[in-house]
Amino acid sequence: MKRENQNKHSAAVRAGLGALVAGVLLTGSGCVLALVPLLATPVVVGSGVAATAVGTRTAYYHAKDFYDAIDQQDGTRLAGGETIEGVDLVKMLARGEAAFSRAIQPYGIETPDYVVLNELKRRGASTQAAISRNTGIADFPTNPQMNRLVQRGLVSPTSGAGQSRFELSQAGRDLVERTRPVAEHVRFEFNRRLSLQERQVLAKLSAKAVAETDSKATLLAGGVLGVNTDGAAEFVLAKNLLASRLGAEKLLNPHNLNRVEFEVLTAVWEKPELGLRQLSQAVRGQRPEIEAAVSGLVQKGYVNRLDQPSEDGPWKLLPAPRGVALQQTMKGQADQYTQTLFARLSEEERRDMQAVLSKMGRGVI
């Protein structure tokens, strides 16, 4: 009877996750990129329905770490020696930051704002230079960003010791609290394909990568899903994603590429003569975004569009000579980018981090 109940429990969990993923895929925007509309949908857990909506409480995920058992059944555990490097890592992390930003956009903020607000919540009134130093992200935040937060009433300027300082307003504190459950659920979705051990590796190394080794998220929660760290674990995640976003922008901007254009271009590098249908499967984005990216790449001379109607779409894409040359240039630059991103990690830790990210990348981002 106990075995039968466990089987029913696992089946119910898989059914609930399947419904969640299927519902998102039907939107055409790629799992957590369309997360917010699903936050009001209860999830089936065991024989009942979670008392609260997805994203408003995650404690029931911690009641039983059933994802380890599911991983053993479906064979999704990480294969030894698997790594992800360079261009693929840039692409995956860019997707992750876009997913995080899109999830909190209904609250009028994106990842950079989330990091500033939560940094001020943690440390209190701070100068702009102190925020940059404490987050470990150079040239962040910018003056325009701080001005926007002040104008919106989320941050209040104050003076002390002859320096301009910023502190959270009550409106900012309220917004931090409202966005925390959404960020919790994004973290859950990012990590749900990982075993507990892999999540602990990811939590530890992510914290070290952004100088958060003393973070409550690491000391208390590790990689355990559902433990409330008062936003600390989500803050570490957001810092990693923001650092990866700013690094990716430094990589892409000189070549006049945005994130979706970069994804389309790498897909064409991997498989020339891609049609619209195959391209939509390879790139995590909405169809209008993909079509705009294709038009932009054609205008910039990175790809050629061959009008050849087929069951795969009205055209095919081929890498143009300029795009082929760019592939070789960006490979070296992307490898250097990953070295910089994980500069605080040892070589062994970097390999472990890349291995876990590789498995996570086969999930929702």
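What follows is a chat about a predicted model of a protein chain.

Biologist: Hi! Before we start, what are the ground rules for this predicted model?
Modeller: Residues are numbered from 1 along each chain as its sequence is written, and side-chain values use heavy atoms, with hydrogens and water left out. Since the model is predicted, local features need pLDDT of at least 70 and side-chain atom pairs count only at pLDDT 80 or more, while totals for chains, interfaces and linings use all residues.

Biologist: Great. How many helices and strands does the protein chain have?
Modeller: There are 16 helices and 7 strands. Both are DSSP runs numbered from the N terminus: helices are H or I with at least four residues, strands are E with at least two.

Biologist: And what percentage of its residues count as buried?
Modeller: Of the 365 residues, 51% do. Buried means under 20% relative accessible area, exposed means over 50%, and partly exposed is in between, with a 1.4 Å probe and protein chains only.

Biologist: What about contacts between residues 24 or more positions apart?
Modeller: They account for 67% of the contacts with a separation of 6 or more in the protein chain. Contact means heavy atoms within 4.5 Å.

Biologist: Let's go inside. Which residues touch the most other members of the largest nonpolar core?
Modeller: F100, V264 and L279 do, in a core of 73 residues. Helix 4 (residues 86-104) gives the largest share of this core, 9 residues. A nonpolar core is a set of buried Ala, Val, Leu, Ile, Met, Phe, Trp, Tyr and Cys residues joined through side-chain atoms within 4.5 Å.

Biologist: What is L279 in contact with, leaving aside neighbours within four places in sequence?
Modeller: V264, A267, L274, I290, V294, W315 and L317.

Biologist: Switching to helix 11: why is it called largely enclosed by the rest of the structure?
Modeller: Because 16 of its 21 residues are buried. Helix 11 covers residues 232-252 and reaches 30 Å from its first C-alpha to its last, close to the 30 Å expected. The expected span is 1.5 Å times one less than the number of residues.

Biologist: How does the span of helix 9 fit that 1.5 Å a residue?
Modeller: Its 14 residues should span 20 Å, and the end C-alpha atoms are 20 Å apart, which agrees. Among the buried residues of helix 9 are E198, R199, L202 and L205.

Biologist: What comes just after helix 9?
Modeller: A211, with a positive phi of about 55°, although this residue is not a glycine. A211 sits in the loop between helix 9 (196-209) and helix 10 (216-221) and is partly exposed at 42% relative accessible area. Most residues other than glycine have a negative phi, and most peptide bonds are trans.

Biologist: What is phi like at E273?
Modeller: Positive, near 65°, in a residue other than glycine. E273 is in the loop between helix 12 (259-270) and strand 5 (274-275), and is partly exposed, with a relative accessible area of 45%.

Biologist: Is the peptide bond from F140 to P141 cis or trans?
Modeller: Cis, with omega near -5°. P141 is in the loop between helix 6 and helix 7 (143-151).

Biologist: Which backbone oxygen does the side chain of S132 reach?
Modeller: The one of F140, at 3.1 Å. S132 lies in helix 6 (residues 128-135) and is buried, with a relative accessible area of 17%. Leaving aside neighbours within four places in sequence, S132 is in contact with I137, A138, D139, F140 and P141.

Biologist: Over to helix 5. Is E119 buried or exposed?
Modeller: Buried, at 0% relative accessibility. E119 lies in helix 5 (residues 111-123), and its side chain makes a polar contact with the side chain of N134 at 3.4 Å. A polar contact is a pair of N or O atoms within 3.5 Å; within protein, one must be able to donate a hydrogen and the other to accept it, and residues adjacent in sequence count only if both atoms are side-chain atoms.

Biologist: How are E119 and F235 placed?
Modeller: They are 116 residues apart along the chain, with C-alpha atoms separated by 8.2 Å. E119 also touches F235.

Biologist: Last one: where is R284?
Modeller: In the loop between helix 13 (276-282) and helix 14 (287-300).
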